[in-house]
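I set out below what I looked up in this structure, entry by entry. I begin with the overall fold and then take the sheet and the helices in turn.

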Amino acid sequence: KEKDEAGVEKRGDVVFTKFMLKYNWFHLAQTDGEAYLPSEVSRGDWNLASALDFLEIKERAFEFNDVTDKRLGWAKGQEISISPLEVHQTYGRLREMARILLGHTAVTPTKAVPMEQELRDIEADTAAYLCAATLGVTGMDEARLRLQVSLDAGAKLRIPDKCANRAFSAADKLINAGYC
């Protein structure tokens with residue numbers, strides 16, 4: 001009800017939306033026919049050698065410094081090396097390649113590269129984990145554990161947004177490079 005200028009009450013229409021249950025809807029299980037199977041999407045074959053070549057990364061043979069050397073790999077400049085003790089060789093290569101793409105090995109790192117080693121490890125492990133999960137690389141449980149250890153070492157409850165964005169970008173470049 002509204003009052004006009006003369007003070008006389010007027011009645012207007014009220015518009016509203018109402019949900020009404022309709023019984024003509026049915027569940028997919030109530031239909032007949034063959035089970036739905038989505039078509040298989042072919043991604044082609046991702047190739048590590050192509051990724052290394054496209055990103056201009058060289059791989060060197062791993063050399064132990066001494067008998068106490070426990071490194072599983074390293075990246076320096078545009079070179080990587082993976083220890084023969086690394087159980088999941090492809091994942092190790094992805095991690096070290098991610099370090100190069102993230103700028104951790106640059107002579108003069110950009111402002112975007114974190115100064116703390118813990119954040120650098122989180123970035124590299126996150127990028128490698130994303131690539132490994134996308135490509136179906138073995139060792140995902142160990143990769144997840146390694147990422148959790150990096151988060152605990154840095155006293156982080158979650159991956160910082162800036163690191164996550166950089167890791168997604170590096171993972172995208174790594175995956176695309178392997179299809180070139």
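This is a predicted model: local features need pLDDT of at least 70, side-chain atom pairs count only at pLDDT 80 or more; totals for chains, interfaces and linings use all residues.

**Entry 1: overall content**

I looked up the secondary structure and found five helices and five strands in the protein. Along the sequence, I read their order as β-β-α-β-β-β-α-α-α-α. I then looked up burial: 34% of the 180 residues count as buried. For the accessible surface of the protein I noted about 13300 Å², with 54% of it belonging to carbon and sulfur atoms.

**Entry 2: the sheet**

I recorded the two pairings separately. Strand β5 (residues 79-82) pairs with β3 in the parallel sense, over two bridges; here Lys58 has Glu79 in β5 as its bridge partner. With β4, the pairing of β5 is antiparallel and runs over four bridges, and Gly73 stands opposite Ile82 of β5. As a reminder to myself, strands of a sheet pair through backbone hydrogen bonds, in either the parallel or the antiparallel sense.

**Entry 3: helix α4**

I looked up helix α4 (residues 140-153), which has 14 residues. From first C-alpha to last, α4 reaches 20 Å, close to the 20 Å expected at 1.5 Å a residue. Its buried residues are Met140, Ala143, Leu147, Ser150 and Leu151. These residues are on the same side of α4, because they cover an arc of only 100° around the axis. An α-helix has 3.6 residues a turn, so residues three or four places apart point the same way. On the other side of α4, I listed Asp141, Leu145, Asp152 and Ala153 as exposed. The cover over the buried residues of α4 includes α2 (89-101) and α3 (117-135). Just after α4, I noted that Ala155 takes a positive phi of about 55°.

**Entry 4: helix α5**

I made the corresponding entries for helix α5 (residues 161-178). This helix has 18 residues and reaches 26 Å from its first C-alpha to its last, close to the 26 Å expected at 1.5 Å a residue. Among its buried residues I noted Cys163, Arg166, Leu174, Ile175 and Gly178, and the alanines Ala164, Ala167, Ala170, Ala171 and Ala177. Why do the buried residues of α5 line one face of the helix? Seen down the axis of α5, they fall within an arc of 165°, so they line one face. The face turned away from this buried side carries the exposed residues Asn165 and Phe168. What covers the buried residues of α5 includes α1 (48-54), α2 and α3.

**Entry 5: covering helices**

I closed by setting the covers together. Helices α2 and α3 are among the elements covering the buried residues of α4, and α2 and α3 are likewise among those covering the buried residues of α5.

Notes
Residues are numbered from 1 along each chain as its sequence is written. Side-chain values use heavy atoms; hydrogens and water are left out. Buried means under 20% relative accessible area, exposed over 50%, partly exposed in between (1.4 Å probe, protein chains only). Accessible areas come from the Shrake-Rupley method with a 1.4 Å probe; for residues, only the protein chains shown count as cover. The expected span of a helix is 1.5 Å times one less than its number of residues. The arc is that of the directions from the helix axis to the C-beta atoms. Contact means heavy atoms within 4.5 Å. Two strands pair if DSSP finds at least two bridges between them.
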